[in-house]
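Have a look at the model first, then read on.

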Amino acid sequence: TLRGGEGTGGSEFGSLAHWVLSKWDFSKESLSELLPCDNIDESKYEKVLIKVPYELREEFRSVFSRKQIREILSDYAMSEEGKRLSAFLSRKGETRLWRETPFRVLDDGLLMVGSTDIFWEEADRICLRDWKTTTEETAPGEYYVEQLKFYAYAMYVFRKEKGLPEKMIEIGINYLRSPSQKKKIIEMSGEALSSTGEKVHGAAVSALSDIFEARYELCSRCPWGDICSKKHV
């Protein structure tokens, strides 16, 4: 549950934006094909609508929602990272860009399950990103950085098991509503990955033991603090 929702239509807005991101070639020009400007041209509109997951079609029917998504993705297309991803997709041969990728990785008896928004492989590193259609005030980075660290650790274990080259894993959150905001990039060193692995295993043991200790020091920064009955005063 995200405090304040994902935008215009709540969580459906964010889910629709993620669906578009999974299909998009990261060029500004193609956005009108995935997100028609209006519903007047029925043949063009219906052609796209039928491809949209059923549960997201009501959100897609909103001209305003489509307009907002076009705007935030248009800004991203003009960013340095957006241009880099567009270049990846324009290259021939083996792809090095993965989107909406589910994983199931077994690590010393612990099954880690999740789905990454997007990652790509460069010569010396793997870049892992998470899309957010909210502002950082609604979806604080400190929560999602931990999520990305978990993804990075799962990727590290998977690559090690498969005998793939060891590479630096770089994580970052893309706040699409604030493209000008400086993105916080974290390089996961071997030590950081090892520390994350220990935390992941420790959290699993605590959860299975039904141990959930209060973290009152986080109350002042928690987006749900004003509606939480257990808030520490």
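## Two helices crossing

Helix 7 (residues 141-162) packs on helix 8 (residues 190-208) at about 105 degrees, their axes 9 Å apart. That puts helix 7 roughly perpendicular to helix 8 (65 to 115 degrees counts as such). Axes here are lines fitted to C-alpha atoms over the stretch in contact, with angles from 0 to 180 degrees between N-to-C directions. Helices are DSSP runs of H or I, at least four residues, and strands are E runs of at least two, numbered from the N terminus.

On the helix 7 side, Lys149, Phe150, Ala152, Tyr153 and Tyr156 meet Leu193, Thr196, Gly197, Val200 and His201 of helix 8 (contact means heavy atoms within 4.5 Å).

Next up is an open sheet of five strands, ordered 1-2-3-4-5 with mixed pairing (a pair needs at least two DSSP bridges). Strand 1 (97-107) and strand 5 (185-188) sit at the edges with a single partner strand each, so one side of each has no neighbour in the sheet. From one strand to the next, the twist averages 35 degrees.

Strand 2 (residues 110-121) and strand 3 (residues 125-132) run antiparallel, joined by four bridges. Ile118 has Arg129 in strand 3 as its bridge partner.

## Ground rules

The model is predicted: local features need pLDDT of at least 70 and side-chain atom pairs 80 or more, while totals for chains, interfaces and linings use all residues. Residues are numbered from 1 along each chain as its sequence is written, and side-chain values use heavy atoms, leaving out hydrogens and water.

Note on methods. Parallel < 35°, antiparallel > 145°, perpendicular 65-115°, else oblique.
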